[in-house]
Amino acid sequence: MLTKELLDDVERTLTDPRTGLAPFDRGTLLRAANAELNRLTALGDWDWALIYLPVVNIYIGRAYYQLPDNFGFNFAKRGKAYLCKTITGTTEVVLTYQPPREFFARTDLSVTTTGPPADYTVMTLPSGTRQIHLMPIPSAVYTLSGLYTPTDWKLQEESQLPPIPGNAEVLKDAMLVWAFETLGSQRLGFHVARYAESRLALGVKEAENRRMQFSPRMKE
């Protein structure tokens with residue numbers, strides 16, 4: 001469902017059948033869609049909301065880099081490890097985290113081993129800034145990206161596709177709750193219940209997708 005179709009559905013539901021007038025213009029509805037999308041993102045640990053965000057540029061021969069101040073804010077982790085990968089051209093490699101004690105105890109740190117980075121650790125400097133250290137020493141130019149959950153989604157064009165799977169039904173219900181609450185409508189209770197159901201359905205779908213990802217398929 002494109003954003004245009006989403007807004008069309010919401011507008012049709014809100015339009016007064018007697019006058020043919022809608023209470024909100026398209027710009028207001030688009031802003032409401034963004035607000036509700038960000039609100040929904042904050043309510044759960046959603047796989048569909050994760051994107052890889054460029055963090056730093058990696059250069060040949062340099063093994064450590066200062067991380068931006070906001071690194072870690074809403075970046076996904078597995079245990080204590082940030083989920084990071086390097087990108088060069090069409091090649092992407094997910095890096096393996098090593099705790100600082102293990103990383104700096106490596107015997108290959110004393111030699112100038114070069115190649116595509118495979119392992120990393122993160123250190124906090126006395127100044128409070130953080131550095132990422134890579135091994136092997138990069139032998140090419142890369143972009144380092146981290147898995148991140150945005151909190152500032154912006155659907156700026158009606159031709160965009162909302163990131164929520166399942167035709168964004170849950171986003172439509174969230175917008176209708178906002179609209180009827182704003183209007184002080186007696187229909188609010190019905191749409192609050194609808195939104196609760198669609199959000200629950202989205203959570204069930206998310207859980208099913210995760211089980212499919214981790215469940216091996218038996219050979220016939």
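Author: A nonpolar core is a set of buried Ala, Val, Leu, Ile, Met, Phe, Trp, Tyr and Cys residues joined through side-chain atoms within 4.5 Å, where buried means under 20% relative accessible area with a 1.4 Å probe and protein chains only. This is a predicted model, in which local features need pLDDT of at least 70 and side-chain atom pairs count only at pLDDT 80 or more, while totals for chains, interfaces and linings use all residues. Residues are numbered from 1 along each chain as its sequence is written, and side-chain values use heavy atoms, with hydrogens and water left out.

Reader: Which residues touch the most other members of the largest nonpolar core?

Author: They are Leu14, Leu29, Leu40, Trp48, Ile164 and Met175, in a core of 29 residues. Helices are DSSP runs of H or I with at least four residues, numbered from the N terminus; α1 (3–14), α2 (26–42), α4 (169–183) and α5 (188–214) each supply at least two residues of this core, and the largest share, nine residues, comes from α4. A second, separate core has 18 residues, including Ile58 and Leu144.

Reader: How are α1 and α2 placed relative to each other, roughly parallel or roughly perpendicular?

Author: Axes are lines fitted to C-alpha atoms, for helices over the stretch in contact, and angles run from 0 to 180 degrees between N-to-C directions; those of 65 to 115 degrees count as roughly perpendicular. The axes of α1 and α2 come within 10 Å and cross at roughly 110°, and the two helices are therefore roughly perpendicular to each other.

Note on methods. Buried < 20%, exposed > 50% of the residue type's maximum accessible area, 1.4 Å probe, protein only. Parallel < 35°, antiparallel > 145°, perpendicular 65-115°, else oblique.
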